[in-house]
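Hi,

Here is the structure I promised to pass on.

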Amino acid sequence: MAFRFNARQSMVLIVPVLLVLSALSLAFGMVLPLVLFEKLYFFSETPSLLGIIAALWLGDDRLLAALVGLLSVVFPVIKLIGVAFEATTRRGEGAHDKLLARLLPLLARWSMMDVMLVALVIVAAKTSGVASAFTQPGLWFYAASAVMTSLLQMRLRPH
């Protein structure tokens, strides 16, 4: 006897699969290199997001490190946790539904900001002639996580 999925069963699987893939992509996006700079004397390696935050912190740019950490790590993790919570709990008129209804759209506004900033750095490096810059897997994983989390949010709260 063969087991076949119908369209409704496959739609039910989309949410957990996207949730797991989004979490994995976010983790890879934080630890894998974001960009490769060549010919720029103070970047001898390809920096990862967590590496950039650590370098800013150790270089006494603690306010900037905290801001980048908040926008690049904390907000996406909170958004992912909120979407996971929304996907795994029943919908109702509870206080958590109202909080998620206000919090998730606010966090969604910041979802792709890091990707855009890295893209601007790459364009600036290439056009200035100071360095050659190339995207690395971390940027693509980070962007994929932001897109998948947004798709999940739209699937769970279509309005």
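Phe141 counts as partly exposed, at 29% relative accessibility. The wording has cut-offs: buried is under 20% relative accessible area, exposed is over 50%, and partly exposed is in between, with a 1.4 Å probe and protein chains only. Before you go further, note that this is a predicted model, where local features need pLDDT of at least 70, side-chain atom pairs count only at pLDDT 80 or more, and totals for chains, interfaces and linings use all residues. Residues are numbered from 1 along each chain as its sequence is written, and side-chain values use heavy atoms, with hydrogens and water left out.

So what does Phe141 pair with? A search of the whole structure turns up one aromatic pair. It joins the rings of Phe28 and Phe141, whose centres are 5.1 Å apart and whose planes sit at 55 degrees, so the pair is tilted. Because Phe28 lies in helix H1 and Phe141 in helix H6, the pair ties together parts that are 113 residues apart in sequence. As for the rule, rings of Phe, Tyr and Trp (its six-membered ring) pair if their centres lie within 6.5 Å; planes under 30 degrees apart are stacked, over 60 edge-to-face, and the rest tilted. Phe28 is partly exposed too, with a relative accessible area of 40%.

Phe28 also belongs to a nonpolar surface patch of about 670 Å², along with Leu13, Val17, Val20, Leu21, Leu24, Val31 and Leu50. Patches take residues with over 30% relative accessible area and no salt bridge, joining like charges within 9 Å and nonpolar side chains (Val, Leu, Ile, Met, Phe, Trp, Tyr) within 5 Å. The areas come from the Shrake-Rupley method with a 1.4 Å probe, and for residues only the protein chains shown count as cover. Helix H1 (residues 7–31) gives the largest share of the patch, seven residues. Leu13 is found in H1 and is partly exposed, at 38%.

Back to H6, which covers residues 137–156: its 20 residues reach 28 Å from first C-alpha to last, close to the 28 Å expected at 1.5 Å a residue. That expected span is 1.5 Å times one less than the number of residues. Among the buried residues of H6 are Leu139, Tyr142, Ala146 and Leu152.

Now find Asp60, in the loop between helix H2 (49–58) and helix H3 (62–88). Its phi is near 65 degrees, a positive value in a residue other than glycine. Most residues other than glycine have a negative phi. Asp60 is exposed, at 58% relative accessibility, and forms a salt bridge with Arg62, the closest N and O atoms being 3.4 Å apart. Here, a salt bridge is a side-chain nitrogen of Lys or Arg within 4 Å of a carboxyl oxygen of Asp or Glu. The whole structure has one salt bridge, and its partner Arg62 is partly exposed, at 40%.

Finally, the overall picture. The chain has six helices and two strands, in the order α-β-α-α-α-α-β-α. Helices (H or I, at least four residues) and strands (E, at least two) are DSSP runs, numbered from the N terminus. Of the 159 residues, 33% count as buried. The accessible surface comes to about 10,200 Å², of which 71% belongs to carbon and sulfur atoms.

Cheers
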